[in-house]
Amino acid sequence: MNNGSNRIIVIGAGAAGMMAAIFAARNGHDVLLLEKNDKAGKKLYITGKGRCNITNACDMEDLFHNVMSNPKFLYGAFYGYTNYDVIDFFEQLGMKTKIERGGRVFPESDKSSDVIGALLKELKRLQVEIRYQCEVEEVLTEDGNAKGVLLKNTKERLYSDKIIVATGGLSYPSTGSNGDGYRFAKVMGHAVTKLNPSLVPMNIKEIELVKELQGLALKNIEITITSQGKAVYTDFGELLFTHFGVSGPVILSASSYCIPHMGNKDLVLTIDLKPALTKEQLDTRILRDFDEFKNKQYKNALDQLLPRKLIQVIIALSKIDPEKKVNLITKEERKRLIDVLKAMPLHIDSLRGYNEAVITKGGITIKEINPSTMESKLVSGVYYIGEVLDLDALTGGFNLQIAWSTAYIAGNAV
């Protein structure tokens, strides 16, 4: 590599880093991509349960609506490089895509390795040099300008006046995410907001109850989370019971809304098991079932209404004698059953940690970053992209869209 002004160093060969390197190289720059792992895209590989939900095919308004932190900062990035630009990018690289429920976009093959393969093939075509097992210890600066990087193990200094930091956050530390980018930023004088694991499963206080339901997936349910009696989140979707609590798409998204309320002791998750029915309609349905099973005991009369694993739990919560014949169940007892079915209560104890978090909530404060270029306002020639910034979104391909869009902006600005 030469030492000219067009020498670009990108730190981190994840989604954002590879994309930024591609666009910088397409603009004729001499690009060096540094990766601490022995291969690129380790986190990308496990994204979407190994299928890699690359973006979402929604309209622009919904794209912004699904960004949790600082959506206005992304105005230029999202309009500069849209979700449909991302789809076209991968299609042009020969990776076919498909759109599934909720606008989620996946590789047609359902293999995240195809996403990584397409990026690596393009990097190779552009003659981008990638150095693996190459951890950066420090970003070198002088008089408020980028100068290069210091490598951790060899203490080698690599010089460049343009550096793109794409080190990710703290989520999934097994993929190498250890907060290096936050450390670099702090040394350069940047403020880093409070960091939290987000898009993460929840620990539930009723531990024996959830253990009894472990492995049960509920589809088409509606959840509501209340803090101090006020609703902070409502959504419709799929939930999974685990040995510690609850997970699934609707829970992961809910966790992002729960973070500001985790200090409250009365954070309650209620599950509407029959959201398509009003209480009156549900009562009619139950009366019909009870009429059909009028000589059966209560414990044997809910098979058509609920998954088998859930029946004993609902019986206990409704406080109706399981041995009671259904034709003897009173209107008041039926009301208790309906209340439980429409709002099954669970108390949130805590959120799970970074090992299970899809993303990190928080990061380098965006006030110190130029949204048109992703360049630091404090140190000339240093650019921050992706999860290292105080930007996060809900599940559905929106966080990768943040990575692609900010990478595109930086890759074209260097």
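Guide: Strand 13 (residues 217–227) pairs with strand 16 (residues 267–272) in the antiparallel sense, over six bridges. Within this pairing, Glu222 has Asp272 of strand 16 as its bridge partner. The model is a predicted one.

The two strands belong to a barrel closed by six strands, which follow one another in the order 12-15-14-13-16-17 with antiparallel pairing. On average, neighbouring strands of this sheet are turned by 45 degrees against each other, direction ignored. Helix 12 (residues 331–342) lies across strand 16 and strand 17 (344–351), and the helix runs at about 105 degrees to strand 16.

Parallel pairing is found elsewhere in the chain, at strand 1. Strand 1 pairs with strand 2 (residues 30–34) in the parallel sense over five bridges, and Arg7 stands opposite Asp30 of strand 2. Together with helix 1 (residues 15–26), strands 1 and 2 make a right-handed β-α-β unit. Strand 1 also pairs in the parallel sense with strand 10 (residues 162–165), over four bridges; there, Ile163 is the bridge partner of Ile9. In general, the strands of a sheet pair through backbone hydrogen bonds, in either the parallel or the antiparallel sense.

Because five of its five residues are buried, strand 1 is largely enclosed by the rest of the structure.

The largest nonpolar core has 85 residues, of which Leu44, Phe90, Tyr384 and Trp404 touch the most other members. Helix 1 contributes the largest share of this core, 10 residues. Leaving aside residues up to four places away in sequence, Trp404 touches Ala15, Met19, Leu44, Ile54, Tyr81, Val86, Phe90 and Leu119. A second, separate core comprises 50 residues, including Val200, Met202, Tyr233 and Tyr298. Nonpolar side chains tend to be buried together in soluble globular proteins.

The cysteines complete the account. The count of disulfides is zero. Cys58 is in no disulfide, the nearest cysteine sulfur being that of Cys52, 16 Å away. With a relative accessibility of 13%, Cys58 counts as buried; Cys258, at 0%, likewise counts as buried.

Methods
Residues are numbered from 1 along each chain as its sequence is written. This is a predicted model: local features need pLDDT of at least 70, side-chain atom pairs count only at pLDDT 80 or more; totals for chains, interfaces and linings use all residues. Side-chain values use heavy atoms; hydrogens and water are left out. Buried means under 20% relative accessible area, exposed over 50%, partly exposed in between (1.4 Å probe, protein chains only). Two strands pair if DSSP finds at least two bridges between them. A crossover is right-handed if, with the strands pointing away from the viewer, the path from the first strand over the helix to the second runs clockwise. A disulfide is a pair of cysteine sulfur atoms within 2.5 Å. A nonpolar core is a set of buried Ala, Val, Leu, Ile, Met, Phe, Trp, Tyr and Cys residues joined through side-chain atoms within 4.5 Å. Contact means heavy atoms within 4.5 Å. Axes are lines fitted to C-alpha atoms, for helices over the stretch in contact, and angles run from 0 to 180 degrees between N-to-C directions.
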